[in-house]
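Have the model open as you read along.

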Amino acid sequence: MTNPSITPDVESVRSQTPEWRDYFRFSTDHKIIGVQYILTTFIFFLIGGLMAMLIRAELTTPELNLVDRPLYNALFTLHGTVMIFLWIIPFNAGLSNYLVPLMLGARDMAFPLLNAISFWLIPPAGILLIASFLLPNGPAQAGWWSYPPVSLQAPSGQLVWIISLILLGISSIMGAVNFVTTIVWLRAPGMTFFRMPVFVWSVLSAQLLQLINLPSLTGALILLMFDLVFGTTIFNPAGHGDPILYQHLFWFYSHPAVYIMALPAFGIFAEVLPAFARNPLFGYRSLAIASLGIAIVSIFVWAHHLFASATPGWMRMLFAVTSMLVAVPTGVKAFGWTATIWRGKLHLDTPMLFAMSGAAMFIFGGITGVMLAANSFDLHVNNTYFVVGHFHYIVFNTITMAIFAGIYFWFPKITGKMYAEGWGKIHFWLTFIGANLTFFPMHPLGLQGMVRRVASYPPEYQGWNLIASLGAFLLGVSTLPFIANMIGSILAGTKATDNPWRATGLEWTTSSPPPKENFAEIPQVVFPPYNYGNPRAYGEASATQSGEEVSNDE
C-alpha cells in the first residue's frame, strides 16, 4: 500500500534529516528544538526524582536520621520546583514543538528564532537553580510556592530561585506566543479548527492559559525580589505588607498551571487511545470544546488554595462552586476516552498501557480534587498528606504516565527506530506499581492527620510511610529499563516505517524521522471532522499534496 502524500520530492529530502550533532547546536528547526527540550527536561526529571528518593529515604523512619532539617526543606522545595517548571511544563512544550507543525501541515513554528531562544533560556535557569546547593546557606527552603514571610528569611538561595523562575517564565511566555500564532495562522489549507487533532486543541488551550495567567506569577516574583533585595515591604507583614496578596498572585497562575500541565496529557490520551483501540475518537467536537472549557473555568478557581488563609465566607463559597465546576469539562474528557475504547479491538502495546492507566488514575485524582473543593473537607485535610497524594495522582500518575505514553507513541516518528516492546512493558509495570505504592498511602496518612513538609513524624504513621518509600524506590528503579530501552533502540533498534501504528494524522504521512521542512508541498487537508480517528483511515494518509481526496479504503 502506498502513501499518496509521499512524493518523489519528499524522498529527495529524506537525507536532510538531522545528525546527532545537530541536537547540541543552536537550531531554529522546530523538530531539533523539540528533541532538545525533551532530552534536557528528562535530565532534570532524573535530578528531581533523585531528590524525591532522598526525601522518601528520610521518611522511612519517624526520626530525623539521614539529612538535617534545612537540607530536607531545600530538597522538597527544589524537588517540586524542578518537577513542575523544569520537567512537565517544558517537556510538554518540547513535545508540542515537535508535533504541532507536523499535525497542522506547517513547515515550522511561526517564529523559529524566538522558538530557539525560548529553549535556550531553560538550561541556564535549571543549572542556576541546582547550583544553589553550593551557596553558603544552601538553596531556597520555603517550598515551591515560596510564601512570604518564610521566603524572606533566606535571601541568597531564595534570590537564585526567583531569578531561575523568572527566566523560565519568560521562556514560557515567548513559547506561548509562538504556539498560539502557529495554530491560528499556519494551518494547512483545509485544516479548519474542527479538523485539528485534539492534541493541538489541548496545546492551544494550555498556551492561552500561559499568556493570560503567567504574568501574574512573574509579577509576584519581581515584587518578592524587591522585598528581598531592596528592603521593600510589599509582602512583609513586619512592614505592614500583605502576604495574602502574594498567595493570590501566585495561585492565579499556579492552579491553572495544573491544567497547563494536564491539557497536553489529555491530548496525548486522545491520540493514543483511538490508535490502539481501532475505534474512532468518541465525541471529537465535545473533547475539543472541553479543552477550552477547562482552560476558561480554571482561571476562576485559584482561591480554593486560600480556604485556610482567612478567606471571607462568600469567597469560599464562590470558589468552591467554580472548583467543582471544572469537573464538568474534565468529566466530558473522561467519558470520551472511556467510550473510545469501549468494545474496541484493544492492542495493549506500551503506549496504550500507559495511556489507559493514566486516564484511569486521573479519574481517582479528579474525585479527590472534587473532595478538596468542598470547604469543610478542605479545612479538615489542609496541610496534610491527603493534598500531597491528590496532587501527585495528577502530576505523576496522570501527566507523567501520559508523557511516557507520548514518548513511546511518537518514538518511531522522532527517531526512525522501533523501541523494544518487552522492555517497554517492564517499564510500565514497574512504574504503575511504584506510582500507586508511593502515592496511594498518602491519602490515609492525610485522613489520619499527618502533616506534610516535615522530616520527622509520630511513630503511628510509619507503616504507610514505609510503603510509600518502597514505592518511591521502585519508581527510581523503573527509569533504568526505560533509559536502556531508549538508548539501545536509537543505536540498534529496527527501522520504523512511516506509520507503524496505522494511526491517523498528518504527522504519520511524513517519513520517520520527518525531513527538514516536514512536507515537500504544503498538504491540502480533505478529511471531514467525523473521520478523525476513523478506523477505516488507519494506514492511509489524511491529506494529499495535490488536493485530491484520499480514499479511506484499506
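The lining of the second largest pocket divides into 24 nonpolar, three polar and three charged residues; here Ala, Val, Leu, Ile, Met, Phe, Trp, Tyr, Cys and Pro count as nonpolar, Asp, Glu, Lys and Arg as charged, and the others, Gly among them, as polar. This is a predicted model: local features need pLDDT of at least 70 and side-chain atom pairs pLDDT 80 or more, while totals for chains, interfaces and linings use all residues. Residues are numbered from 1 along each chain as its sequence is written, and side-chain values use heavy atoms, without hydrogens and water.

A pocket is an open set of points on a 1 Å grid over the protein atoms alone, where a 1.4 Å probe fits, with protein on both sides within 12 Å along at least five of seven lines; lining residues have an atom within 4 Å of a point. Of the 30 lining residues, V35, L39, F411, T415 and I490 lie nearest the centre. Two or more residues each come from α2 (30-58), α3 (69-104), α15 (385-415) and α18 (462-492), and α2 gives the largest share, eight residues.

Now to the charged pairs. There are two salt bridges, each a side-chain nitrogen of Lys or Arg within 4 Å of a carboxyl oxygen of Asp or Glu.

| Salt bridge | N to O distance |
|---|---|
| R25 and D22 | 3.2 Å |
| D29 and K31 | 3.2 Å |

How buried or exposed are these partners? D29 and K31 are both buried, meaning under 20% relative accessible area, with exposed over 50% and partly exposed in between (1.4 Å probe, protein chains only). R25 is partly exposed at 45%, and D22 is partly exposed at 22%.

Notes
Helices (H or I, at least four residues) and strands (E, at least two) are DSSP runs, numbered from the N terminus.
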